[in-house]
There are 2 protein chains.
Amino acid sequence: MKRGRKPTIDAADITRAAIAVADAEGLAAVSMARVAQEMGNATMALYRHVKSKDELLTLMADAAFDEPPALPDGEWRDKLGAWARAMLGGIRRRPWFLQIPMSGPPTGPKSLAWFDSALGALEGTPLEAGEKVGVVMGLMTFVHGEAWLSVALTKGFENDPAQFSREYGQRLREIVDPRRMPALAKIVAAGVFDVDDLFDADDVAADFDFGLHLFLEGVATHIGGRA
Amino acid sequence: MKRGRKPTIDAADITRAAIAVADAEGLAAVSMARVAQEMGNATMALYRHVKSKDELLTLMADAAFDEPPALPDGEWRDKLGAWARAMLGGIRRRPWFLQIPMSGPPTGPKSLAWFDSALGALEGTPLEAGEKVGVVMGLMTFVHGEAWLSVALTKGFENDPAQFSREYGQRLREIVDPRRMPALAKIVAAGVFDVDDLFDADDVAADFDFGLHLFLEGVATHIGGRA
DNA sequence: CCCTTTATGCGTACCTCATACGCAAAACCT
DNA sequence: AGGTTTTGCGTATGAGGTACGCATAAAGGG
């Protein structure tokens with residue numbers, strides 16, 4: 001038998017509590033004291049199961065995602081599209097995920113399962129193994145970037161909605177000198193930014209779809225040139 | 001004339017000092033006290049010119065980049081490619097840029113200049129104003145995501161190089177169950193991860209180029225369908 | 001059944017930071 | 001010079017991460 005007093009909590013419990021706090025109040029609210037309070041323990045009790053706050057953050061990142069979803073039948077393109085949207089959804093559900101620094105290549109079971117899922121979508125295409133990896137990495141990268149942008153803008157919007165109203169287009173008209181920035185000036189003049197809500201959720205989704213479309217289009221062309 | 005004591009420093013000085021600290025010791029080392037010491041002032045003196053640390057961070061983000069580079073003559077594709085590579089280079093030179101949370105749509109002169117530069121590359125294409133914005137946003141997003149990944153991996157690599165050696169491929173062979181992750185298992189078996197240095201700088205650059213190629217290919221197809 | 005061994009729970013204390021507040025020095029105005 | 005305004009900055013407060021050490025609980029040995 002194991003000697004010594006029995007542990008009443010373990011790292012998984014702490015991770016769960018920390019995630020609960022992050023979900024409810026954001027990653028900034030995750031302090032050792034706050035997490036301990038969440039579980040009804042003393043602050044320093046946590047350090048018996050977790051070396052440091054950094055380690056706790058890594059554990060949180062590992063546990064943040066659900067299993068990858070089942071992909072629809074059909075073309076690789078539909079599958080990858082669904083995969084990308086699911087990943088975006090996952091990040092949006094836990095936006096604090098983006099603030100946790102990565103410390104190495106993926107080894108967690110969840111990350112690998114997602115990786116596998118995307119690679120599976122490319123089964124049946126004439127791409128070489130290395131190319132498949134490249135395509136999936138590129139897509140991950142795009143989704144990650146898009147999520148980051150959208151999360152950042154969401155936060156900004158919550159802090160100061162006025163920034164995203166027609167005020168922004170107006171402001172640009174004042175700042176942008178047509179001589180120094182001719183291309184931007186044309187876009188501003190065309191009224192692209194003259195909308196009531198620059199951060200309309202549907203627009204953000206449409207932007208994502210557009211970028212995703214472009215990327216997948218590129219993959220299709222690449223596959224075409226190979227077949 | 002202005003009344004009152006003359007300021008001995010201004011926000012730009014503080015921003016410069018903060019950037020010097022971040023360049024030398026990372027963003028984590030940027031505290032108000034550390035920045036003040038860097039300039040030979042007292043900590044609280046900074047608050048006369050900067051409302052909060054958050055504001056300082058925003059100023060830093062604005063000042064982190066150089067002016068956008070002159071783009072090569074030729075096709076929009078070459079121009080956008082050069083632009084994306086320049087942006088990646090800029091982020092790599094100041095990796096801490098990625099850790100600064102965005103608080104709204106871009107209004108800084110530098111950000112706008114970069115935006116204008118990319119839009120200028122699309123001049124002459126039959127895209128509508130809104131589509132140009134979409135393309136540029138998508139590309140920015142991709143570059144940002146790629147930079148984030150590469151910076152994160154660089155840090156991980158510095159902390160523990162062994163993680164990125166052949167050990168990784170070996171580890172995957174053990175972890176990946178061909179029944180649960182068939183697609184990944186195939187890739188692993190194909191030896192894609194069996195390289196001495198998974199994080200070879202040239203490989204990372206090649207990955208970026210591949211993803212960039214795919215994205216631009218997609219834009220080309222989209223333009224083709226429009227003309 | 002008591003004593004030693006071992007591991008946990010956690011109170012105390014220290015250090016680093018961001019920042020509110022207030023006073024004194026400096027520069028302008030009359 | 002005296003008043004006014006603005007800057008420089010010392011002090012103080014409160015939050016957060018974590019080293020340290022003691023008390024407590026559980027298991028094994030006699």
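Predicted model: local features only at pLDDT ≥ 70, side-chain atom pairs only at ≥ 80, totals over all residues.
Residues are numbered from 1 along each chain as its sequence is written, and chains are lettered from A in the order in which they are written. Local features need pLDDT of at least 70, side-chain atom pairs count only at pLDDT 80 or more, totals for chains, interfaces and linings use all residues, and side-chain values use heavy atoms, without hydrogens or water.

**Domains**

**Extent of the interface**
- In chain A, 9 residues of domain 1 are in contact with 8 residues of domain 2 (heavy atoms within 4.5 Å).
- About 810 Å² is buried between domain 1 and domain 2 of chain A, 61% of it on carbon and sulfur atoms; buried area is the accessible area (1.4 Å probe) that two parts lose on being put together, summed over both.

**Salt bridge**
- The rule finds 1 salt bridge across the interface of domain 1 and domain 2 of chain A (a side-chain nitrogen of Lys or Arg within 4 Å of a carboxyl oxygen of Asp or Glu).
- Asp23(A) and Arg94(A) form a salt bridge through their side chains, at 2.3 Å from N to O.

- On the side of domain 1 of chain A that touches domain 2, α1 (11-25) and α3 (53-63) each supply at least two residues; helices are DSSP runs (H or I, at least four residues), numbered from the N terminus.
- The largest share of that side, 5 residues, comes from α3(A).
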